[in-house]
Amino acid sequence: MPTPAPRSAPAVQDQPYVEVFTEIGAIEHYLRAAVTKHLPEGMTHAQFEMLQWFMRYGDGQTPAELARMMLLTKGAITNILHKLEKMGFVAVLADCDDGRKKRVKITRAGLETSNAIMKDMKAKTEALREGFTDDEFRAVTPFLKALRVFLSEISELGAPATARR
């Protein structure tokens, strides 16, 4: 009796989830590279992301809160904040209500630097806005949010190997 031919692994095109994560990774890479070209000497992408966080959501959080919101370790946030503070872009101040805690405030220099970076990137931002409609961005957003929440849930310690949507 002849032996059956070995079954080959499914091609990538047969695994849409692989394609989705490949595309997300490539998008992140190109976005980071585009932004990094516009950063001032000595500033990292992570530091820029922190300034942008404050521009979008306001300041006044503790380092622990920032770590949770930005999906980083407290040590990574502390390192980013220390470097931003040395550059004069943030101030880490004692909490008025609880002296054991610190609160982070963006400085005028941080605001000006963040705005200057965004102004410098204006041509790329406009090209992006011209290349895709708001409806196209809105169409993919629910899926991306659901994917993020799903991955967050299955990443939690003790989470089951499968999750339901």
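# Reading surface, rings and charges

Me: Which residues form a nonpolar patch on the surface, and how much accessible area do they have together?

Reply: A patch gathers residues with over 30% relative accessible area and no salt bridge, joining like charges within 9 Å, or nonpolar side chains (Val, Leu, Ile, Met, Phe, Trp, Tyr) within 5 Å. Here the nonpolar patch on the surface is formed by Tyr 17, Phe 21, Ile 24, Val 140, Phe 143, Leu 144 and Leu 151, which together have about 620 Å² of accessible area. Two or more residues of this patch come from each of helix 1 (16-36) and helix 7 (134-155), and helix 7 gives the most, with 4 residues. Phe 21 has its place in helix 1, and Phe 21 counts as partly exposed because its relative accessibility is 37%.

Me: Before going on, what kind of model is this?

Reply: The model is predicted, so that local features need pLDDT of at least 70 and side-chain atom pairs count only at pLDDT 80 or more, while totals for chains, interfaces and linings use all residues. Residues are numbered from 1 along each chain as its sequence is written, and side-chain values use heavy atoms, leaving out hydrogens and water.

Me: How many helices and strands does the protein have?

Reply: Helices (H or I, at least four residues) and strands (E, at least two) are DSSP runs, numbered from the N terminus. The protein has 7 helices and 2 strands, and along the sequence they follow the pattern α-α-α-α-β-β-α-α-α.

Me: What share of the residues counts as buried, and how much accessible surface does the protein have?

Reply: A residue is buried under 20% relative accessible area, exposed over 50% and partly exposed in between (1.4 Å probe, protein chains only). Of the 165 residues in the protein, 22% count as buried. The accessible surface (Shrake-Rupley method, 1.4 Å probe, with only the protein chains shown counting as cover for residues) comes to about 12400 Å², and 59% of this surface belongs to carbon and sulfur atoms. As for contacts (heavy atoms within 4.5 Å), among those in the protein between residues at least 6 apart in sequence, 47% join residues at least 24 apart.

Me: How many aromatic pairs are there in the whole structure?

Reply: Rings of Phe, Tyr and Trp (its six-membered ring) pair if their centres lie within 6.5 Å, and planes under 30 degrees apart are stacked, over 60 edge-to-face and the rest tilted. A search of the whole structure finds 2 such pairs. The pair of Trp 53 and Tyr 57, whose ring centres are 4.3 Å apart, is tilted because the planes stand at 45°. Both residues lie in helix 2 (residues 45-57), where they are 4 residues apart, about one turn of the helix. Trp 53 is buried, because its relative accessible area is 12%, whereas Tyr 57, at 53%, is exposed. Phe 132 and Phe 137 form an edge-to-face pair, with 5.9 Å from centre to centre and 65° between the planes. Phe 132 is partly exposed at 45% relative accessibility, and Phe 137 is partly exposed at 36%.

Me: How many salt bridges does the count come to?

Reply: A salt bridge is a side-chain nitrogen of Lys or Arg within 4 Å of a carboxyl oxygen of Asp or Glu, and by this rule the count comes to 7. One of them joins the side chains of Arg 32 and Glu 28 at 2.9 Å, N to O; these two are about one helical turn apart, because 4 residues separate them in helix 1. Arg 32, at 35% relative accessibility, is partly exposed, and Glu 28, at 37%, is partly exposed. In the salt bridge of Arg 100 and Asp 98 (3.0 Å, N to O), Arg 100 is exposed with a relative accessible area of 74%, while Asp 98 counts as buried at 18%. Arg 138 and Asp 135 form another, with their closest N and O atoms 3.2 Å apart, and they lie 3 residues apart in helix 7, about one turn of the helix. Arg 138 is exposed at 54%, and Asp 135 is exposed at 56%.

Me: Which residues are linked in a network of salt bridges?

Reply: The network links Glu 65, Asp 95 and Arg 103.

Me: Where is Leu 71 found, and is this residue buried or exposed?

Reply: Leu 71 sits in the loop between helix 3 (63-70) and helix 4 (74-86). Although Leu 71 is not a glycine, it has a positive phi of about 60°, and the residue counts as exposed because its relative accessible area is 72%.
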